[in-house]
Amino acid sequence: MHTCLFDLLADPAITHKSIIKRIVSHHCGRDLTDCIVHQDDTIDSETMRKILADYSDFRDKNKPIEYIVWRCEFLGRKFVVTPATLIPRAETEYMIIAVRDRIHDQYKKNSTDQFCLYDIGTGSGVLGVSVDCETEHRATCVMMTDIDEKCLVVARQNIERLVSKKYQHRFHLQKADLCDFLASSDCVFPKNVQHRLDVTMSNKNTLHHEWDTMTQSKHIHIFVANLPYIPDQAFFGSDELSVREWEPHHAFIGWDDGLDLYRRQLRQRSEWKTINPVRTIMFCEMMTWQAEILVREFPYLVQTVHHTFHANIVILSME
Ligand SMILES: C[S@@+](CC[C@H](N)C(=O)[O-])C[C@H]1O[C@@H](n2cnc3c(N)ncnc32)[C@H](O)[C@@H]1O
């Protein structure tokens, strides 16, 4: 019979001690240190029942701890995640560093440059929120899109939790198929886009004004994307059960060679540039061999490969 964290930690059947501490911390609403300092405090029986049920989901059903505690740490910030969103991965943090450094270099060359940030396939919103919090020169506008509306609800929570109130009005959330909101033939960016906004954190007047300013002053448009890039055969052949059984499949599977979505996004970008000859830079995460394919297929783009700690995963920037 367990009545406190001390009992749980002393139980030899509970082998994942760091996991049980995180579950207790989640259910008791206390941070980890506080839980450990007060490990003799009595936990009521209903809460203990939930703690043990969650632990058994983790141990017996491969449920990721991030979906149990609804949190995932990314570049030192705690993001809300739900089973509708991918659990952000550590290799993706390298994209934020690459974008931050690129923006920094740009400002060194021309301190009057301004930019607009697009997070395509935003999931929990980690890319848009992290770039915004990590860069000294903030974007005029941050557009975050996903094909799945449930993701936008989570992304919105993360904007509200992690971005300072005074900067939140620049964020816009939109349900979209990649960048279709830009490339549609009737879209003379930016004016028409506001009609397609499903969720927006600013009021329409502010938005209209910002986008007017952006087209006039020729912003640099920076796209960040960690789109599904795992070929379907590799995904279904993988033995990572916690991924296959718990994470949303449409966040991973990129079919055939895994590059269909990136190719489509690049086409949308080209179509848009024929209407609006603006400057764009795209940062995309993929496997090393996939980057080699895109570099060959799009030789007219200036491409840079940024390595991550993971030997097979890189960030490709294209401009
Ligand atoms: C690998 S997850 C990345 C989530 C988040 N950006 C991250 O790095 O943790 C890919 C995301 O792309 C979204 N997605 C898939 N197909 C899409 C499409 N055609 N247009 C927009 N988003 C899409 C999925 O819903 C999912 O949230």
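Predicted model: local features only at pLDDT ≥ 70, side-chain atom pairs only at ≥ 80, totals over all residues.
Two residues are taken to be in contact here if their C-beta atoms, placed from the backbone, lie within 7 Å.

**The whole chain**

Show the chain as a cartoon, coloured by secondary structure, and you will have 14 helices and ten strands in view. The chain has 319 residues, of which 38% are buried. Among the contacts that join residues at least 6 apart in sequence, 69% are between residues at least 24 apart.

**Helices α6 and α7**

Next, select residues 93-109, which form helix α6, together with residues 126-134, which form helix α7; their axes come within 10 Å of each other and cross at roughly 45 degrees. Angles of 65 to 115 degrees would count as roughly perpendicular and those under 35 as roughly parallel, and α6 and α7 are therefore described as oblique to each other. The crossing in which α6 passes α7 is right-handed.

Now display the side chains where these two helices touch: on the α6 side they are Met95, Ile96, Val99 and Arg100, and these meet Leu127, Ser130, Val131 and Glu134 of α7. By class, this contact of α6 with α7 is made up of five nonpolar residues, one polar residue and two charged ones.

Staying in helix α6, select Ile103. Is Ile103 buried or exposed? Ile103 counts as buried because it has 23 C-beta neighbours inside 10 Å, where 20 or more are needed. If neighbours within four places in sequence are set aside, Ile103 is in contact with Phe115, Thr135 and His137.

**The surroundings of the ligand**

Turn next to the ligand, which is surrounded by 21 residues, the closest of them being Gly121, Gly123, Ile147, Asn226 and Ala251. Helix α7, already visited, contributes at least two residues to this shell, and so does strand β4, at 141-146. Colouring the shell by class gives eleven nonpolar, seven polar and three charged residues.

**Helices α2 and α4**

For another pair of helices, select residues 17-28, which are α2, and residues 45-61, which are α4; here the axes come within 10 Å and cross at roughly 140 degrees. What word describes the way α2 and α4 lie to each other? They are oblique, since an angle has to be over 145 degrees to count as roughly antiparallel. The crossing of α2 and α4 is right-handed.

To see where they touch, display Ile19, Ile20, Ile23, Val24, His27 and Cys28 from α2, and Thr47, Lys50, Ile51, Asp54, Tyr55 and Phe58 from α4. The residues of this contact of α2 with α4 comprise eight nonpolar, two polar and two charged.

**Leu8, in α1**

For the last stop, select Leu8, which is found in helix α1, residues 5-10. Leu8 counts as buried because 22 C-beta neighbours lie inside 10 Å. Beyond the neighbours within four places in sequence, Leu8 is in contact with His2, Ile14, Ile20 and Val24, and both Ile20 and Val24 were displayed at the previous stop as part of the α2 side of the contact with α4.

Conventions: Residues numbered from 1 in each chain as written. Axes fitted to C-alpha atoms, helices over the stretch in contact; angles between N-to-C directions. Helix = DSSP H or I, 4+ residues; strand = E, 2+ residues; numbered from the N terminus. Left-handed = near helix turned anticlockwise from the far one by under 90°. Nonpolar A, V, L, I, M, F, W, Y, C, P; charged D, E, K, R; others polar. Near = placed C-beta within 6 Å. Buried ≥ 20, exposed ≤ 12 C-beta atoms within 10 Å, placed from the backbone.
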